Amino acid sequence: MNAIKEAKKLIAKDPFKPSAKTLADLVLSLESHEPFQLERLYALQLSDFDLAVQIIKEWRLDRYYAGKAKLYDFAVQASALQPPEQQAAALQQQAGTAPDAPTSSPS
């Protein structure tokens, strides 16, 4: 299995996992030519670090164009996701109520 497919599976399995977020951000950085903090790779477990290096190698070869496009699209979607607790807080904020604000009762 090539690294791009493996990364897609890892991100799909749990997009909120720190390693999945790091790999998704790496992919976004490679595609957009934006800076990426390499120290984030050092926080990965060795197997995920090796996967990140393989992604960089495959990206450089540029022969996995279709796979890259799919992974990039998936990485964009994963980076836009918010954990359920953040979604609930955002919805409450949009509704004009604070998440843990006491409610006043009519007197």
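Confidence is highest in helix 3 (residues 39-42), at a mean of 96, and lowest in helix 6 (residues 84-95), at 74. Where pLDDT is low, the predicted coordinates should not be read in detail. The model is a predicted one, in which local features need pLDDT of at least 70 and side-chain atom pairs count only at pLDDT 80 or more, while totals for chains, interfaces and linings use all residues. Residues are numbered from 1 along each chain as its sequence is written, and side-chain values use heavy atoms, with hydrogens and water left out.

Helices here are DSSP runs (H or I, at least four residues) numbered from the N terminus. Helix 2 (residues 18-32) packs with helix 4 (residues 46-61) at an angle of about 15 degrees, their axes lying 11 Å apart; axes are lines fitted to C-alpha atoms over the stretch in contact, and angles run from 0 to 180 degrees between N-to-C directions. Helix 2 is therefore roughly parallel to helix 4 (angles under 35 degrees count as such). The contact (heavy atoms within 4.5 Å) is made by Ser19, Leu23, Leu26, Val27, Leu30 and Glu31 of helix 2 and by Asp48, Leu51, Ala52, Ile55, Ile56 and Trp59 of helix 4. These residues divide into nine nonpolar, one polar and two charged.

Helix 4 also meets helix 1 (residues 3-13): the two axes come within 9 Å and cross at roughly 130 degrees. Helix 1 and helix 4 are therefore oblique to each other. Ala3, Ile4, Glu6, Ala7 and Leu10 of helix 1 make the contact with Asp48, Leu51, Gln54, Ile55 and Glu58 of helix 4.

A search of the whole structure finds two salt bridges.

How values were computed: Helix = DSSP H or I, 4+ residues; strand = E, 2+ residues; numbered from the N terminus. Parallel < 35°, antiparallel > 145°, perpendicular 65-115°, else oblique. Nonpolar A, V, L, I, M, F, W, Y, C, P; charged D, E, K, R; others polar. pLDDT = per-residue confidence, 0-100. Salt bridge = Lys/Arg side-chain N within 4 Å of Asp/Glu carboxyl O.
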